Amino acid sequence: MVLQRDALGRTVFPKSLAERSPASGHQLALTIDEVVQYIAEKELEAAVSQAQAKSGSVVVLDPQSGAVLAMAVSPAFDPNALSALKKGHLQNTVITDAYEPGSTMKAMIAAAAIEEGLMKPATMVFGEHGRMTVANTVIHDHEKLGWVSFAEVIQKSSNIGAAKAGMALGGAATLSISREIRLWPANRDRSSGRRGGARQESKILGTPFGRFNFHGARNRGDAHSDGVRICSAG
């Protein structure tokens with residue numbers, strides 16, 4: 001575009017330029033709550049400092065709608081002092097980096113196990129006193145649990161209880177969970193180098209997480225439960 005300047009150096013549009021009148025755009029309403037955002041930023045800064053961590057991030061969601069109430073990363077940056085910005089501090093790692101699901105996956109495993117009829121909230125699961133070996137790998141719990149209900153497995157975030165639920169489901173159904181909630185795409189590109197991640201668009205069980213449909217997807221022969229002590233409370 002060729003622009004003209006007046007005697008004072010101010011830019012003016014040439015008379016021959018076709019000018020378009022401004023049009024009203026769409027409404028955009030942010031779901032960020034300024035109070036929750038402020039608390040999230042301050043608490044995150046304190047937690048990163050206390051743990052002497054290199055970085056940290058936090059997201060606060062409305063569990064009913066999935067609306068983002070707060071999103072913060074540390075270290076933060078001052079947009080008015082970009083010259084002092086260090087490499088990597090400009091990006092919002094909450095949305096640019098991929099993270100393993102961690103303990104959030106336990107709720108997905110639990111939902112699938114209950115839907116498949118393999119577990120009930122009252123089903124008793126043996127916690128192996130906090131230590132269990134699976135495929136030459138030792139799984140630990142932060143508590144040395146004995147017999148607990150499946151509801152307590154999720155309440156106490158038991159690694160061993162969740163592993164037993166996953167073993168009861170079998171490999172095929174567990175993989176189906178990941179694909180259903182977009183944690184593991186069916187055609188995963190291992191060579192692109194992109195920072196891939198999960199994207200959830202469906203709604204399960206009336207929440208932002210969607211609904212599992214695994215009936216017929218699991219091969220019962222995949223559920224190797226030898227040595228896994230599970231019993232029903234009635």
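Modeller: Let us start at one residue, keeping in mind that this is a predicted model. Once its neighbours within four places in sequence are left aside, Ala-113 is in contact with Leu-118, Met-119, Phe-150, Ala-165 and Leu-169.

Colleague: Which residues have the most contacts inside the largest nonpolar core?

Modeller: Ala-113 is one of them, along with Ile-109, Met-119, Phe-150, Ala-165, Leu-169 and Ile-177, in a core that has 16 residues. Helices α3, α4, α5 and α6 each supply at least two residues of this core, and α3 gives the most, with six residues. As a general background, nonpolar side chains in soluble globular proteins tend to be buried together.

Colleague: And α5, is that mostly covered or mostly open?

Modeller: Helix α5, which spans residues 159-169, is mostly covered, since nine of its 11 residues are buried. The buried ones are Ile-160, Gly-161, Ala-162, Ala-163, Lys-164, Ala-165, Gly-166, Ala-168 and Leu-169.

Colleague: What covers the buried residues of α5?

Modeller: The cover includes the helices α3 (104-115), α4 (150-155) and α6 (171-180), and also the strands β5 (124-126), β6 (131-134) and β7 (137-140). Ala-163 and Met-132 are 31 residues apart in sequence, yet their C-alpha atoms are 9.5 Å apart in space.

Colleague: What happens at the two ends of α5?

Modeller: At its start, a side-chain oxygen of Ser-158 reaches to within 3.4 Å of the backbone nitrogen of Ile-160. After the helix comes Gly-170, whose phi is positive, near 95 degrees.

Colleague: Which residues of α6 are buried?

Modeller: In α6 the buried residues are Ala-173, Ile-177 and Ser-178. Seen down the axis of the helix, these buried residues of α6 fall within an arc of 150 degrees, so they line one face. The buried residues of α6 pack against α3 and α5.

Colleague: Switching to the strands, how do β6 and β7 run?

Modeller: They run antiparallel, and four bridges join β6 to β7.

Colleague: Is Asn-136 buried or exposed?

Modeller: Asn-136 counts as exposed, because its relative accessibility is 80% and the cut-off for exposed is over 50%.

Colleague: Where else does the backbone do something worth a look?

Modeller: Ser-157, in the loop between α4 and α5, has a positive phi of about 50 degrees although it is not a glycine, and at 24% relative accessibility it counts as partly exposed. Elsewhere, the peptide bond from Ser-74 to Pro-75 is cis, with omega near 5 degrees, and Pro-75 is placed in the loop between β4 (68-74) and α2 (93-96). For context, most residues other than glycine have a negative phi, and most peptide bonds are trans.

Colleague: Zooming out, how many helices and strands does the protein have?

Modeller: Its secondary structure comes to six helices and nine strands. Of the 234 residues, 24% count as buried. Among contacts between residues at least 6 apart in sequence, 55% join residues at least 24 apart.

Colleague: What does the protein average in pLDDT?

Modeller: The average pLDDT is 76, and 72% of the residues score at least 70. Over residues 187-234, however, the pLDDT is below 50, although this stretch has 95 contacts in the model beyond near neighbours in sequence. Where pLDDT is low, the predicted coordinates should not be read in detail.

Conventions: Residues are numbered from 1 along each chain as its sequence is written. Side-chain values use heavy atoms; hydrogens and water are left out. pLDDT is the predictor's confidence in each residue, from 0 to 100. Contact means heavy atoms within 4.5 Å. Buried means under 20% relative accessible area, exposed over 50%, partly exposed in between (1.4 Å probe, protein chains only). A polar contact is a pair of N or O atoms within 3.5 Å; within protein, one must be able to donate a hydrogen and the other to accept it, and residues adjacent in sequence count only if both atoms are side-chain atoms. A nonpolar core is a set of buried Ala, Val, Leu, Ile, Met, Phe, Trp, Tyr and Cys residues joined through side-chain atoms within 4.5 Å. Two strands pair if DSSP finds at least two bridges between them. The arc is that of the directions from the helix axis to the C-beta atoms.
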